[in-house]
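Hello,

Please have a look at it before reading my notes.

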Amino acid sequence: MHTVRLTKRLEFSAAHRYCNPAWSEERNRAVFGRHNNPHGHNYLLEVTVSGAIDPVTGMVINLYDLKQVLEQMLVEFDHKSLNEDTPYFKDRIPTTENFAVVLWDKIEEQLRGARLVALRLFEEEDLSVDYEGRRIGKSSEVYLTRRYRFAAAHRLHTDALSEEENYRVFGKCNNPNGHGHN
Ligand code: NI
């Protein structure tokens with residue numbers, strides 16, 4: 001039997017605010033900054049399932065069934081306030097980390113015929129959380145990825161080679177005035 005992984009992507013929107021009700025307004029503002037204000041995100045969810053390829057259908061899971069399960073699950077969150085309209089964030093803050101774990105539990109509960117193996121939730125293009133269902137004691141082990149952008153210039157050149165050889169090896173990256181990258 002061949003086991004393969006299959007990933008389905010879905011987009012949805014939701015609003016939230018970061019707030020610890022046990023803290024004063026000042027402390028919440030100091031810790032969470034503008035995330036303390038209600039605001040919205042366009043989320044991108046990637047759900048990866050694994051299973052054996054069914055010899056009759058050639059599928060790991062019927063994609064139509066998977067889409068139905070995921071779209072039905074997201075009705076509870078899409079165009080909603082995570083704090084006010086859902087019951088999951090009364091005692092935890094709706095960070096990307098906590099939200100990914102909530103979505104994992106909802107999907108795992110409803111998925112039939114394949115195993116949920118990975119979930120990636122983007123809150124924005126440069127911020128995402130990966131969760132694979134692992135727990136450390138009562139906590140969930142998640143991976144947070146933040147992408148930072150910067151620019152720098154360089155030149156590919158070695159004094160061990162002649163000018164002609166440098167140009168042959170490094171081409172336009174050998175430009176004596178350098179070139180930049182983002
Ligand atoms: Ni936010």
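Here is what turned up, starting with the metal site and moving on to the core and the pockets.

First, some ground rules. This is a predicted model, in which local features need pLDDT of at least 70 and side-chain atom pairs count only at pLDDT 80 or more, while totals for chains, interfaces and linings use all residues. Residues are numbered from 1 along each chain as its sequence is written, and side-chain values use heavy atoms, with hydrogens and water left out.

**Metal site.** A nickel ion is coordinated by the NE2 atoms of His16, His39 and His41, at 2.0 to 2.1 Å. Donors here are N, O and S atoms within 2.8 Å of the metal (3.2 Å for Na, K and Ca), and as water is not among the atoms, sites may look incomplete. Along the chain, the spacing of the nickel donors reads H-x22-H-x1-H. His16 lies in strand E1 (residues 3–16) and His41 in strand E2 (residues 39–52), so the pair ties together parts that are 25 residues apart in sequence. Helices (H or I, at least four residues) and strands (E, at least two) are DSSP runs, numbered from the N terminus. His16 counts as buried because its relative accessibility is 2%, and His41 counts as buried at 12%. Buried means under 20% relative accessible area, exposed over 50%, and partly exposed in between (1.4 Å probe, protein chains only).

**Pockets.** A pocket is an open set of points on a 1 Å grid over the protein atoms alone, where a 1.4 Å probe fits, with protein on both sides within 12 Å along at least five of seven lines; lining residues have an atom within 4 Å of a point. The largest pocket holds about 270 Å³ of space, the volume being the space filled by probe spheres set on the points. Among its 13 lining residues, His35, Glu123, Glu124, Leu127 and Arg146 are the closest to its centre. The second largest pocket has a volume of about 170 Å³, and its lining includes Arg17, Cys19 and Phe89.

Best wishes
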